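Biologist: Can you take me through this model? I would like the fold and a few residues.

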Amino acid sequence: MKRAAEQLAKILRLEQAKGCADTAVVGGLDRFLSGWAVDLKNVADSPNALERVDRMLSVSYATLDKPARLRWTAKAIALLESLNGGPLAEREARSAEQEVARHPQPSREKVGAGTVSAIAKAATLGSKSGQPVVEAVSPRPPIEAPISSVKGIHKSVSEKLHKLGVDTTRDLLYFFPRRHNDFSQVVPIARLQVGKEQTIVATVWEATVRQIGRRMRSTEAVVGDETGNTRVVWFNQPFVAKALRPNTRIAISGKVSLFKGMKVFESPEWEYVESGDTIHTGRLVPVYPLTEGLYPKVVRRLAKETVDLLAPTLPDFLPEDVRRRLGLMPLSVAIAQAHFPDNPARYDQARRRLAFDELFTMQLRLIQRKREWQDAEPGIALTDEAGLAKSFIASLPYPLTRAQKKVLREIIADLKRGRPMSRLLQGDVGSGKTVVATAAMLFAASSGYQAALMAPTEILAEQHFRTICSLLQAAQEEDESKRVLRAVAVPDARTVTVGLLIGGLKPGEKRRVHDCIAEGAVDLIIGTQALIQKAVSFDRLALAVVDEQHRFGVMQRSAMRQKGFNPHVLAMSATPIPRTLALTVYGDLDVSVIDELPPGRQEIVTKWVDPRQRPAAYDFVRKQVAAGRQAFVICPLIEESESIETRAAVAEYERLSQEVFPDLRLGLLHGRMSPREKDEVMRRFREGELHVLVSTAVVEVGIDVPNATVMLVEGAERFGLSQLHQFRGRVGRGEHKSYCLLLSEALSEDGEKRLAVLEKTSDGFKLAEADLEMRGPGEFLGTRQSGLPDLRMARLSDVKIIEQARQEAAALLDRDLHLDLPERQLLAREMARRWSGCAEEAS
């Protein structure tokens with residue numbers, strides 16, 4: 001017997017003598033065997049022997065009970081003897097069977113899909129016919145069994161799967177491939193095409209180990225079919241040569257390349273044809289996400305065994321009438337076809353079913369949540385009793401656009417109802433959302449209630465405070481005591497008090513604003529998250545406006561809502577959100593869109609500037625300043641931390657002040673400045689005391705300086721399209737022609753596409769669609785705080801499926817809002833399971 005097999009056989013006999021207590025070697029047999037894997041595979045002298053060795057090594061000995069260990073060691077010893085052509089130790093096998101008969105199989109704590117068939121496979125190790133010498137029956141694992149309990153999945157493998165979000169057998173069923181390689185079409189060798197993924201079935205003529213370079217030992221084989229021969233190389237895999245015996249029939253799938261004029265497969269997938277195994281070749285082969293130390297074949301094998309065993313047992317939670325009406329696959333079939341599809345059409349059908357499941361359960365909860373909130377307690381029916389909103393609109397120096405009038409009618413109709421409003425107001429940069437929001441807030445104040453507007457940053461909150469006071473024709477207050485509270489006389493109507501509450505106020509100012517809010521002495525309150533602190537108590541809050549709402553987490557929005565007695569909620573976004581994303585992510589909101597700009601807004605010239613043209617860009621800024629204009633310079637986005645970004649902004653400000661524009665007056669703005677410092681810088685820039693404002697991304701929204709005509713963005717490739725569009729919207733607000741210059745040090749292919757789109761398009765909604773397509777919903781939203789389940793199979797291009805899911809969810813909830821009917825219990829549990837890890841808004 002070859003030395004490796006002989007030594008291991010001795011160890012296994014010792015293990016048997018010790019009663020199969022896993023004490024024959026220090027650290028246990030599993031650890032011991034892992035160190036022998038390569039040697040044992042090298043001993044294997046046929047494809048059948050290699051496959052049997054693989055089966056033996058796939059079993060986790062530590063998880064077996066005593067009878068199974070007796071059976072496994074006997075078959076393993078028989079295999080090791082057979083590797084050298086020796087007798088099959090039939091006496092040992094019979095002895096093991098008799099021992100098993102005396103020890104009935106106990107109930108097992110560890111059961112499995114991973115080698116759910118591992119015990120049965122182990123029982124066939126010594127059988128040339130492939131029939132089990134000892135029948136082994138493994139109980140089916142529960143759907144929610146921990147992945148670590150699956151037989152054959154070692155702790156190291158389960159830890160790697162955990163990194164990929166796979167913790168249970170259900171997770172493995174829903175661990176869908178990223179894509180499939182199409183190895184389904186078998187072609188003759190003579191018709192192989194260079195550069196394409198192809199599959200051949202061929203006979204191995206020879207396979208040898210070759211030295212490539214100093215350290216790499218690889219397998220090189222020549223294979224052929226009736227049309228010709230080709231070369232195959234497996235780099236750094238010398239053990240493959242042992243498995244490829246002459247005249248063996250194998251399937252090979254991979255990309256064909258050209259080497260010295262000859263076609264060659266490089267490190268392709270391969271399998272024995274006679275094994276009947278079609279997991280890795282000759283089909284649509286799944287490509288799963290991986291992590292270091294986890295290999296494609298291992299994951300495919302685990303997925304195949306789990307799907308084959310457990311998918312048929314999954315109960316289908318989707319109502320049968322819905323499934324039939326939409327022509328969707330049964331759940332078990334869809335899961336199987338999503339992993340190992342028969343053909344592309346079957347995969348598309350499977351993806352459609354699974355995508356519908358994701359969107360349907362999401363829409364169910366979003367719509368249910370909205371209705372529960374609206375039905376739980378009556379809302380506040382408002383009226384423009386004092387005529388504030390009407391007087392405000394009449395006092396504006398310009399008429400509202402058609403789109404502004406339309407959305408204002410929608411909002412006021414909601415405010416008049418006895419059900420709380422839940423609406424998203426979208427509009428491009430400069431479309432006039434603030435005017436609409438101000439009118440809505442005055443509508444609440446006119447009814448004797450309070451309205452609050454929460455913004456994500458202090459700069460934006462202060463800008464809103466200043467803008468609203470200006471819209472209400474309030475004079476600029478120099479009186480320090482009136483910096484945070486202003487009484488404004490609306491033309492032809494009563495006086496309204498506007499308050500500002502941000503974290504950077506002095507303690508005395510905060511107390512004063514808190515008292516006024518609690519006493520009802522302030523009508524409109526503008527602020528940041530300071531508004532939702534426990535110390536803030538509203539007297540009669542009827543309307544909560546959340547600006548740039550995608551920047552807030554679910555809990556912040558919920559806390560704002562809970563500050564009043566079921567107040568109306570208006571969410572605003574200056575980042576246009578594509579309709580499909582709005583329907584999916586904000587399915588619990590009605591959507592209003594301001595889809596036109598006020599007259600007079602001019603198109604901004606946008607240009608990508610090569611780094612080598614930076615001096616020319618600086619000269620252009622200087623010319624604009626000489627003509628009486630002003631400019632913004634945006635520093636590159638640094639994601640590591642705000643403090644690092646601040647240091648970079650300070651360094652850029654100093655460089656520009658000293659080296660580039662020493663004769664101009666520059667200002668600096670960043671997120672770590674105090675509110676007073678920010679306010680002072682913005683005042684000086686607005687009043688023309690500063691020529692150039694160097695800033696971080698804090699100027700993305702809310703800054704309104706009509707005299708600014710140049711927006712120069714450094715490191716433009718680090719920002720998304722929608723964010724760059726927001727920067728661009730800071731200029732072009734006056735009568736002068738304006739420009740946006742995008743500087744980028746190193747542009748990837750995707751970066752070039754993004755900036756090219758921005759150069760050609762000024763429509764924020766078209767840009768948002770392009771940004772979403774390029775970056776995906778997670779990056780587009782800029783936050784993981786949406787409080788929604790992940791979408792694995794659904795795409796935001798699935799407009800029809802999204803609409804179907806929304807319609808079916810709404811119709812079902814019309815009949816059974818809380819899913820209380822017995823036939824809805826499976827669906828209710830599935831919805832709860834999918835939402836279990838999400839932070840939901842309190843009703």
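Biologist: What should I know before reading it?

Modeller: It is a predicted model, where local features need pLDDT of at least 70 and side-chain atom pairs count only at pLDDT 80 or more, while totals for chains, interfaces and linings use all residues. Residues are numbered from 1 along each chain as its sequence is written, and side-chain values use heavy atoms, with hydrogens and water left out.

Biologist: What is the average pLDDT of the protein chain?

Modeller: The average is 80, and 80% of the residues score at least 70; pLDDT is the predictor's confidence in each residue, from 0 to 100.

Biologist: Where does pLDDT stay under 50?

Modeller: Residues 86–138 are one such stretch, with 101 contacts beyond four places in sequence in the model; a contact means heavy atoms within 4.5 Å. Residues 475–480 also stay under 50, with 6 contacts of that kind. Where pLDDT is low, the predicted coordinates should not be read in detail.

Biologist: How many helices and strands are there?

Modeller: The protein chain has 29 helices and 22 strands. These are DSSP runs numbered from the N terminus, with H or I over at least four residues for helices and E over at least two for strands. Of its 843 residues, 55% count as buried, buried being under 20% relative accessible area, exposed over 50% and partly exposed in between (1.4 Å probe, protein chains only).

Biologist: OK, the sheet. What is the strand order?

Modeller: The order is β17-β22-β21-β18-β20-β19, an open sheet of 6 strands with parallel pairing. Strands pair if DSSP finds at least two bridges between them. β17 (605–609) and β19 (666–669) are the edges; each has a single partner strand, so one side of each lacks a neighbour in the sheet. Neighbouring strands are turned by 20 degrees against each other on average, direction ignored.

Biologist: How many bridges join β18 to β21?

Modeller: There are 5, between residues 630–634 of β18 and 708–713 of β21. Ala631 has Val710 of β21 as its bridge partner.

Biologist: Which helices pack on it?

Modeller: Among them is α22 (residues 614–626), which touches β17, β18, β20, β21 and β22 and makes about 160 degrees with β21. Helix α25 (residues 721–728) lies across β17, β18, β21 and β22, at about 150 degrees to β21. Angles run from 0 to 180 degrees between N-to-C directions, with axes fitted to C-alpha atoms, for helices over the stretch in contact.

Biologist: And where is Gln613?

Modeller: Gln613 sits in the loop between β17 and α22, and counts as partly exposed at 43% relative accessibility. Its C-alpha is 8.9 Å from that of Leu743, although the two residues are 130 apart in sequence.

Biologist: Different topic. Lys370, buried or exposed?

Modeller: Lys370 counts as buried, at 13% relative accessibility. It lies in helix α14 (residues 344–376). Its side chain makes a polar contact with the side chain of Asp590 at 3.0 Å. A polar contact is a pair of N or O atoms within 3.5 Å; within protein, one must be able to donate a hydrogen and the other to accept it, and residues adjacent in sequence count only if both atoms are side-chain atoms.

Biologist: Last one: how many residues of α17 are buried?

Modeller: In α17, 13 of the 14 residues are buried. Gly448 follows α17 and has a positive phi, near 90 degrees.
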